[in-house]
Amino acid sequence: MNKTQTRNMRLPPLGALPAFAAAAKAGSLTSAAAEMHVTPGAVSRQVKSLEHALGVMLFRRRHNAIELTEAGRHFLVHVNSALSTLETGARAILPDRSRLVIQAPITLARRWLIPRLGSYLQENPAVDISIHSLALGSGETADVTVTYRRGTQIETFARGSLVDRTIAVSSPQLFSSLSAGREPGQVLDLPLLLDTADGWSWHRWCECAGFAFEPRGGTLVFDTDEAAIDACISGLGVGQANPSFVERELRSGQLLALSPTLAPIVGAYEIAKAQSARLPQGFFEWLSRWDLPTLA
C-alpha cells in the first residue's frame, strides 16, 4: 500500500463535521457560530482543520459570506448523510420521552416552581415540561393545573394542596424609617402594597398581630402579587409575600422581613390532575419535598 492510499484512508477530524455542515447550510461562519452557540473564530478553525486534513478547499471565502467549492459540495452530501445516521442512532437508544404540561399562577410558577425545576429534570431527564400562566391561558390541555383558593383553615383545603402563608416585607431603606422599637403596628404608618383590591392578606396579617387593618400611610393596589413584590423591592411600600417566593431577595438583603414570626395562613394552591393525563412517575412526590408544606 503506497503513501497516497494510506493518506486517503485516514479519517478527517470528526468533531469538525457539524461546524462544516452548519457553515455550508448558513452560507456564513457568523450565522453558523450563532446557531452552534460558539464564536465565529471557533467555526473557522474547525473548517480550516477539516480542509487541512482533507487537503482540499471546501469553501471560497468572500467579504461577508462563504461559498462551497465543487469538492465542498460533494463532501457535504456524505457529511449530512453521516450526521443524520448518527442522530438516528442516538435517538434509537434514548429512553422514551414524556411531556408534562403545567398551568399555574404566574407568581407560583416564576418564584417557586421554576427555581426548583432543575432538580426534577436532573432526576427525570426524559421529561419535557411546558409551563403556562393561568392568567394568559394556553391552547394546550394541562396535565396539572394549580389554582389558588383563599382560606385560613388547613382542613378546608383539598388533600395535596400547597399551603400559602404570608409575611410582611419591605426594602431596607423603608425598614430603616421605622422607629427603634419596630412594633408590628408601626407598618400601618407606612405605604402598604396590596395584591388584591380588598387587601385580603393584610387583613389576615393584622388579625394575627392582634389589631385592625387601618392603614395610616396610604395604600397602593396591584392586580397580581408578582407586581406587588416588584413594587416592594423598589421601595414603594411594605408588601405581603410567601417567604418561599422572596427567599432570594431575603437572602441577598434586597428585602427584609418585618415581624417574621407573624405568618398567617391566607390560602392554598390546589393541584388538580387531568383525568386523561399520564404524569411522569414521582412528580407529586417531588413537589412534596419543597418548603411550601403539602397537606397529607
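**Group meeting: cores, cavity and pocket**

The chain has 11 helices and 12 strands; these are DSSP runs, numbered from the N terminus, with helices being H or I of at least four residues and strands E of at least two. This is a predicted model, in which local features need pLDDT of at least 70 and side-chain atom pairs count only at pLDDT 80 or more, while totals for chains, interfaces and linings use all residues. Residues are numbered from 1 along each chain as its sequence is written, and side-chain values use heavy atoms, without hydrogens and water.

Overall figures next. Of the 296 residues in the chain, 39% are buried, meaning under 20% relative accessible area with a 1.4 Å probe, protein chains only. Take contacts (heavy atoms within 4.5 Å). Among those between residues at least 6 apart in sequence, 75% join residues at least 24 apart.

Now the cores. A nonpolar core is a set of buried Ala, Val, Leu, Ile, Met, Phe, Trp, Tyr and Cys residues joined through side-chain atoms within 4.5 Å. The largest has 21 residues, and Phe 20, Ala 23, Val 43, Leu 50, Phe 59 and Phe 75 touch the most other members. Helices H2 (17-26), H3 (29-36), H4 (40-54) and H5 (70-93) and strand S2 (66-68) each supply at least two residues of this core. H2 gives the largest share, seven residues. Look at Ala 23. Leaving aside neighbours within four places in sequence, Ala 23 contacts Ser 28, Leu 29, Ala 32, Val 43, Phe 59 and Ile 66. Apart from this core lies another, of 19 residues, among them Leu 100, Val 127, Tyr 269 and Leu 287.

On to the cavity. On a 1 Å grid over the protein atoms alone, a cavity is a set of points where a 1.4 Å probe fits but cannot get out; a pocket is an open set with protein on both sides within 12 Å along at least five of seven lines; lining residues have an atom within 4 Å of a point. The structure holds one cavity of 30 Å³ or more. The largest cavity has a volume of about 70 Å³. What kinds of residue line it? The lining has 11 nonpolar, no polar and no charged residues. H6 gives the most, three residues.

Last, the largest pocket, at about 450 Å³. Of its 25 lining residues, Thr 107, Tyr 148, Asp 195, Asp 225 and Tyr 269 are the closest to its centre. Helix H6 (106-123) and strand S12 (265-273) are among the elements that each supply at least two lining residues.

Conventions
Grid points are joined across faces, edges and corners, and a volume is the space filled by probe spheres set on the points. Buried means under 20% relative accessible area, exposed over 50%, partly exposed in between (1.4 Å probe, protein chains only). Ala, Val, Leu, Ile, Met, Phe, Trp, Tyr, Cys and Pro count as nonpolar, Asp, Glu, Lys and Arg as charged, and the others, Gly among them, as polar.
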